[in-house]
Structures are given as C-alpha cells and as structure tokens.
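Hi,

Here is the structure I promised to pass on.

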Amino acid sequence: MTADSLRLDKFLWFARFTKHRGDAQAMAEGRHLRIDGRVIDRAHAAVRVGNVLSFPLNDRVRVIRIEALPGRRGPAGEARGCYVELTPEP
C-alpha cells in the first residue's frame with residue numbers, strides 16, 4: 001500500500017463499521033462489498049480518498065464516500081470524520 005491508500009479491511013475496522021478486523025476481512029472476502037461499483041472479493045483491496053463504498057450492514061445497504069484515511073482506530077467521532085454518508089434516510 002502507498003501512503004495515499006489503505007487496505008479495505010483496515011479502513012472498515014478503523015472507521016468503526018466492524019468491531020473486529022476479522023469481521024471486516026470476512027465482509028470483503030464474502031463479495032458483499034463494492035468499491036466504486038466493482039464487486040470486491042479480497043480484504044487487501046486498496047481504498048483511496050474519493051472512493052465510494054457500498055455494503056450491507058444492520059439490515060440495510062450503506063453507501064459512503066471516503067473523505068480521509070484514518071491512521072488508527074480512534075474514537076467514534078474521529079472515525080465519522082473519515083467518510084460522508086450517502087445512504088438516503090429511511
């Protein structure tokens with residue numbers, strides 16, 4: 001990975017979409033996730049600022065745009081600053 005990209009599983013875990021990195025790996029490898037419309041089947045896929053991710057989570061499909069790449073798994077407020085929610089409100 002370069003400084004301007006991050007592994008998909010690490011992003012999902014750092015941004016607090018999953019509680020464990022293993023859960024993020026399983027989500028990516030299960031072909032349940034898309035990056036810019038492309039189906040992803042590997043946890044080591046690179047994500048970059050500007051990518052749009054779509055994935056099922058908690059009985060709905062989430063669509064987010066990555067705004068920043070986190071350097072760690074920090075507090076929830078810090079994690080929410082790394083993406084913009086594009087999912088329409090139910």
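Below is what turned up, starting with the ground rules.

This is a predicted model, so local features need pLDDT of at least 70 and side-chain atom pairs count only at pLDDT 80 or more, while totals for chains, interfaces and linings use all residues. Numbering starts from 1 along each chain as its sequence is written, and side-chain values use heavy atoms, with hydrogens and water left out.

Let's begin with the aromatic rings. Rings of Phe, Tyr and Trp (its six-membered ring) pair if their centres lie within 6.5 Å; planes under 30 degrees apart are stacked, over 60 edge-to-face, and the rest tilted. That rule gives three aromatic pairs. Tryptophan 13 and phenylalanine 14 make a tilted one, at 5.6 Å centre to centre and 35 degrees between the planes. Phenylalanine 17 and phenylalanine 55 sit with ring centres 5.2 Å apart and planes at 80 degrees, so that pair is edge-to-face. Phenylalanine 17 is in the loop between helix H1 (8-14) and helix H2 (21-29) and phenylalanine 55 is in strand S5, so the pair ties together parts 38 residues apart in sequence. (Helices, H or I, of at least four residues and strands, E, of at least two are DSSP runs, numbered from the N terminus.) Phe17, Phe55 and Tyr83 form one aromatic cluster.

Then there's asparagine 51, in the loop between strand S4 (46-47) and strand S5 (52-57). A polar atom of the asparagine 51 side chain lies 2.6 Å from the backbone nitrogen of arginine 48.

Cheers

Notes: Polar contact = N/O pair within 3.5 Å; in protein donor to acceptor, adjacent residues only side chain to side chain.
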